[in-house]
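Please look at the model before reading on.

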Amino acid sequence: MNERSRPMTESALRDALVAARKHIDWPTSPDVVEDVGATIRAMRATPSLAAPRLSMPSRRRTLLAIAAALVLLAGAAFAARLVIELGAIAVRVLPDRPTSLPTNVATSDDLGRQVTLAEAEAAAGFPAALPTALGPPDHTWIDEALVGFDPDDVARRIVNAWQPTSGLPAIQGTEAGALLMQFEGDWEIASKLLSAETGRFGHAIVEGRPGLWTAGEHELELISGDEPLRLLVTGNVLIWQDAGYTFRLETVLGKRAAIAIAESIDPVVDQA
Amino acid sequence: MTGRTVNDQRPLQGRPSEDAILVSRARDGDVGAFEELVTRYQGIAFRVAWLAVRDRGDAEEAVQDAFVKAYYALPRFRPGAPFRPWILRIVTNEARNRGRSTRRREGLAARVAASDSPRAAPASESTVLDRADAEALLAALDRLPERDRLVIAYRFLLEMTEAETAETLGVPPGTVKSRLSRGLARLRSQLNAGVVEVEQA
């Protein structure tokens, strides 16, 4: 019977989907056993990551993960891609330089909806963390990323920007001297793609908390809604976590100055 | 990329009792036991990942990262629980994080086997679909929002139960039911516009 002449029933559609499955020429599955085993053995062989136990405080685990990743990166023989997760931000380190970086740095439109600081805090449902070293921000944006299957499953972020000053030079390609992103929760809604070849990254400690420092051009992917946004990062970036938030501070300043700015943030109220 | 591939003809289901033994050994630090689990589930893991990202490279990376993370998460694995939905959920999360990548994705319809004959064996006793109709059906599936598309794809293309689909996607079973209902309704509305012809014996 030809179904085109009358509406397809749900039952017929279910059967058709099952039948369609048999037509699919699935891509050949790669054999990852050896790579997975080698990665685990390499990480186990790194003394500082010998036993990441659940009972270990998360801060300690993060420190070890960063330390182990950096140790592994120091070994030229280790060519696998590594992922360092810092709350909402995943840092992916490639053994080779990425073949193509995005060409566009973040513009106002990329950062979300420009609002006042009070509006951002009201929309986000949490207070913005502000470094006293920079004073009140000049611009503020609010944005959200879909993290679940329902429209209400979103993680919000507040972005504050400060205009350049004599002590806070402009980030190349932008009109900002500093950009501070504050991500809510642990959902991965941003990622950075770094090159192990250039190797301009390392650990950082902010108020005793583990962080990551990167310098030089790299790719930042931000999720806005359910869409990815690939951006070129030209500044130096400090990433750290505090009280259920993930922070990303971009300036052209050095590591010590960036940490000083980060540590000038008043204590953050824990989300819990 | 390693260039090594696995035999996709192996059954997708593992052997739960043996899984429990392997998990126990892996939790005690036996990497070889964990590699056996990887061997068992990398095939279905890759398909789960590929359906989410539609890019072979991204899917492979997602699977590798997921297995490494799973190894370190084994202390949190509830003894006696089935390993397959647990690992597939980790794979799905890894893949969905990459699924937002701006790389060009491969359409499901593009993977319909080139050969037009023999016609695919009927999936039920009454339904036969030819290549063109399968392409049209899968193209319509491709056009659905990710949340509807993945539920339908996991449920029907990977033959997961609703419960396993829910576990793999990390959502309540009720959400799978509602997503299936909504997604199938959307799909039917597209197909009833005359895109696909389904023959019933």
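Which residues does N236(A) touch, not counting residues up to four places away in sequence? In this predicted model, N236(A) is in contact with T214(A), A215(A), T251(A), V252(A), L253(A) and A258(A). The C-alpha atom of N236(A) is also separated by 7.5 Å from that of W213(A), a residue 23 places away along the chain.

N236(A) counts as buried because 20 C-beta neighbours lie inside 10 Å, and the cut-off for that class is 20 or more. The residue belongs to strand β12 of chain A, which covers residues 236–242. Six of the seven residues of β12(A) are buried, so the strand is mostly covered.

| Partner strand | Residues | Sense | Bridges to β12(A) |
|---|---|---|---|
| β9(A) | 209–214 | antiparallel | four bridges |
| β13(A) | 245–251 | antiparallel | seven bridges |

In the pairing with β9(A), L212(A) has I239(A) of β12(A) as its bridge partner. In the pairing with β13(A), Q241(A) stands opposite T246(A).

How many residues lie between β12(A) and β13(A) in the hairpin they form? There are two residues between these strands, and A243(A) in the turn has a positive phi of about 55 degrees.

Back at N236(A), the contact list includes T214(A) and T251(A). T214(A) falls within the residue range 209–214 of β9(A), and T251(A) falls within the range 245–251 of β13(A).

Methods: Residues are numbered from 1 along each chain as its sequence is written. Chains are lettered from A and ligands numbered from 1 in the order in which they are written. This is a predicted model: local features need pLDDT of at least 70, side-chain atom pairs count only at pLDDT 80 or more; totals for chains, interfaces and linings use all residues. A residue is buried if 20 or more other C-beta atoms lie within 10 Å of its own, exposed if 12 or fewer, and partly exposed in between; C-beta atoms are placed from the backbone. Two residues are in contact if their C-beta atoms, placed from the backbone, lie within 7 Å. Two strands pair if DSSP finds at least two bridges between them.
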